[in-house]
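Please keep the sequence and the 3D view open while reading.

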Amino acid sequence: MEKISIEVRADLAKAWEGSSPDFKKQISGIIEGQIRQALSKGDKEKVLAYLTDLKEKMNSRGLTQDALDDILR
């Protein structure tokens with residue numbers, strides 16, 4: 001396995017760093033699969049659409065900026 005980097009807001013990066021290894025592994029697996037699928041089709045826009053959709057789903061499930069801020073306090 002190799003690491004890749006993506007740019008996120010500082011608060012999200014801090015929340016990620018504070019997450020459990022199991023959570024990180026689970027989320028990384030989900031994102032890896034989606035990126036692999038999109039790139040295998042040569043569709044960069046699908047990757048971006050997936051990330052936008054993921055953000056919206058997380059917000060709708062309560063993982064809003066305010067919720068992340070609360071976690072970081």
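Asp 11 and Arg 9 form a salt bridge whose closest N and O atoms are 3.5 Å apart, where a salt bridge means a side-chain nitrogen of Lys or Arg within 4 Å of a carboxyl oxygen of Asp or Glu. The model is a predicted one, in which local features need pLDDT of at least 70 and side-chain atom pairs count only at pLDDT 80 or more, while totals for chains, interfaces and linings use all residues. Residues are numbered from 1 along each chain as its sequence is written, and side-chain values use heavy atoms, with hydrogens and water left out.

**Salt bridges**

- Side chains of opposite charge can pair when their charged atoms come close.
- The structure holds 3 salt bridges.
- In the pair already described, Asp 11 is buried at 15% relative accessible area, whereas Arg 9 is partly exposed at 48% (buried means under 20% relative accessible area, exposed over 50%, and partly exposed in between, using a 1.4 Å probe and protein chains only).
- Glu 32 is bridged to Arg 36, with 2.7 Å between the closest N and O atoms, and both residues lie in helix α2, 4 residues or about one turn apart (helices are DSSP runs of H or I with at least four residues, numbered from the N terminus).
- Asp 53 and Lys 57 meet in a salt bridge at 3.2 Å from N to O, and because they are 4 residues apart in helix α3, about one helical turn separates them.
- Asp 53 is partly exposed at 31% relative accessible area, and Lys 57 is partly exposed at 39%.

**The largest pocket**

- The largest pocket has a volume of about 1,800 Å³, a volume being the space filled by probe spheres set on grid points that are joined across faces, edges and corners.
- Of the 42 residues lining this pocket, Ile 6, Val 8, Trp 16, Ile 27 and Ile 31 are the closest to its centre (on a 1 Å grid over the protein atoms alone, a pocket is an open set of points with protein on both sides within 12 Å along at least five of seven lines, and lining residues have an atom within 4 Å of a point).
- Helix α2 provides the largest share of the lining, 11 residues.

**Helix α3**

- Helix α3 covers residues 44-60, and its 17 residues should span 24 Å at 1.5 Å a residue, which agrees with the 25 Å between its end C-alpha atoms (the expected span is 1.5 Å times one less than the number of residues).
- Gly 62, which follows α3, has a positive phi near 100°.

Notes:
Helices (H or I, at least four residues) and strands (E, at least two) are DSSP runs, numbered from the N terminus. On a 1 Å grid over the protein atoms alone, a cavity is a set of points where a 1.4 Å probe fits but cannot get out, and a pocket is an open set with protein on both sides within 12 Å along at least five of seven lines; lining residues have an atom within 4 Å of a point.
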